[in-house]
Amino acid sequence: MASGKTSKTFMWGIMGLLIVGLGGFGATNLSGNITRVGSVGDEDIDVNEYARNLQQDIRAIEAQTGSAMPFNQVLAAGIDRAVLARLVGQAALDNEAATLGLSISDATLSEQILSIGSFQGADGFDRESYRFALQQAGLSEIEFEGEMRADTVRALLQGAIVAGAPMPSTYADTLIGYAGERRNFTWALLNTTHLSAPIAAPSEEQLAAFHSENADQFTSPAKKRLTYIWLSPDDLVAGIEVDEARIAALYEERIDQYMVPERRLVERLIYSDAASADAARVAFDAGEKSFEDLVSDRGLDLADVDMGDVTAVSLGAAGEAVFATQGTGIVGPVETSLGPALFRINGILLGTETTLEQARDELHAELATDAARRQIERVSEDIDNLLAGGATLEELDGEGGAKLATIDWHLGSEEPIAGYGDFRNAAASVSASDYPEIIRLDDGGIAALRFDEDVAAALQPLDTVRAEVIAAWQADETAKALAAKAEELLAQVKSGTGMDELGLTARAEVDIMRSDFITDAPAALIGDVFAMTAGDAAVVVGADGTVAIVSLEAVNSPDQDNVEVAGFRNILAQQGDAGLSDDLYAAYARAIQDAAGIYLDQTAINAVHANFR
């Protein structure tokens, strides 16, 4: 909310810049008998004010997008309604201020105008600049000063409504108390070694019952049976011959990738003369100064002398000396084009050499694949024409190398063809009424598919998924056995027996918050811990079958000295204050609008809009 001399001056300073900036655009000015587009109580909404505000909002959007905005788009985006709602809100405040008798003095108004930078000349306020800027914006001095006075009064009224209404500290305290609360606890994960006996193999009856009771785990999803043809570059590469000269040419073109010289991570400290450089080296060798000290003595930072990774060639005359050194360390002084310098080698990046013979297969595959893609592009035109002529996919089997296949497709399909996004999208949307058409795949291949029939979801026979059923049964029985064992051990933990004494590997956690994550623990562990009270112990069973015992030692309040907690509290307080202020003002604005009554003249509004079309 604008309040106080400083904020109002700043506000009108921006207004002054806006007036000057919009001067070049011209201003809409309506003449005739229409003077208002509506009113709130006794306060009219001037037709020219609505036109100016609408124009300003459109220009602002056009400046952001860099393109003109047709007026039909303005209406579709609701910009006109937003402008009108803003002016209705202002008029409601003006009407309320008039009812309350609020205003500002001429002296205060004059002081505000004189302080606006856009109206200043070489010797201060320039009245001619002031008049010209207002004329360009289509405003008279009386209109502009009236708007300034009204805006200042509105700011005073708005400030009076929301001032002194901060959100109670209980708001931030409650949220911080929840989010920042901490727990100290000990927990241990159980595994099959803690069981008195291994899980026995299931009987046929147990498997059959488990298969039936958990049918959803062993039911195949609903699928679409599709017939498709597919031609991939990989299908053609083996049959494409590549001229050796082209392989050699591509190798030479990329020689920098295959012949990478040794590089070194180097810092260079340059001196103005040899004596200074020699003295620095002596001080370094004597242990009197580190390289960092020498850099600092020159008034530099390490970033100023860091050259990054360099080659011998890039170092010029100094390259031989720097690259002749074995390992890291200081080299020099060495003469350079900029003067004598000390070099510090921080690391060595060995060069690599890949011969043409070593790179041949890779280059051949790339050139062959490019040729295959071009060949597929030619084939795709033929297949497209044949499909358009009514050819079936079966008739196109082998065309240009294309292969015919079928797939029972669903979202989880793992067949190679299902890995292509464009194929998946086509498979998801295809129906019995669709005709096959070319699908271009992202590796340069093509495909075309046809919907054959829906395959309903079905429970797979036990014999078909026997291995999966046995594994699931064993996992379920193991989880049950571990949970039972955990309950047995829990009684001893509650009686004071340490987890280590029970053969468990105990892990102590300190100051854990709700948002933390603990590796290997059941996902439910932290949530369960925060539902416990100090001194409690419990068994936690994860959705994945993991089982743990946890003992809660302490419940700690948020660490108020923690920088993150303090920062979070400030953010919550600011958000709370802003939210409460917005709600108070919104309620007040609705109340004064309802009390005053709103009238809108659609004919006048349409007349304004006609000037923008």
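This is a predicted model: local features need pLDDT of at least 70, side-chain atom pairs count only at pLDDT 80 or more; totals for chains, interfaces and linings use all residues.
What volume does the second largest pocket have? The second largest pocket has a volume of about 270 Å³.

Two or more lining residues come from each of strand 2 (43–46), helix 2 (47–65), helix 4 (79–100) and helix 7 (141–162). Helix 7 provides the largest share of the lining, with 5 residues.

By residue class, the lining of the second largest pocket consists of 9 charged, 4 nonpolar and 2 polar residues.

## Overall form of the chain

The protein chain contains 22 helices and 21 strands. Its radius of gyration is 40 Å, whereas the globule rule gives 25 Å for 613 residues; the chain is therefore more spread out than a compact globule.

## Contacts, burial and surface

Of the 613 residues in the protein chain, 38% are buried. Where contacts link residues at least 6 apart in sequence, 73% of them join residues at least 24 apart.

The accessible surface of the protein chain amounts to about 33,400 Å². Carbon and sulfur atoms account for 51% of that surface.

Key. Residues are numbered from 1 along each chain as its sequence is written. Side-chain values use heavy atoms; hydrogens and water are left out. On a 1 Å grid over the protein atoms alone, a cavity is a set of points where a 1.4 Å probe fits but cannot get out, and a pocket is an open set with protein on both sides within 12 Å along at least five of seven lines; lining residues have an atom within 4 Å of a point. Grid points are joined across faces, edges and corners, and a volume is the space filled by probe spheres set on the points. Helices (H or I, at least four residues) and strands (E, at least two) are DSSP runs, numbered from the N terminus. Ala, Val, Leu, Ile, Met, Phe, Trp, Tyr, Cys and Pro count as nonpolar, Asp, Glu, Lys and Arg as charged, and the others, Gly among them, as polar. The radius of gyration is taken over C-alpha atoms; the globule rule is 2.2 Å times the number of residues to the power 0.38. Buried means under 20% relative accessible area, exposed over 50%, partly exposed in between (1.4 Å probe, protein chains only). Contact means heavy atoms within 4.5 Å. Accessible areas come from the Shrake-Rupley method with a 1.4 Å probe; for residues, only the protein chains shown count as cover.
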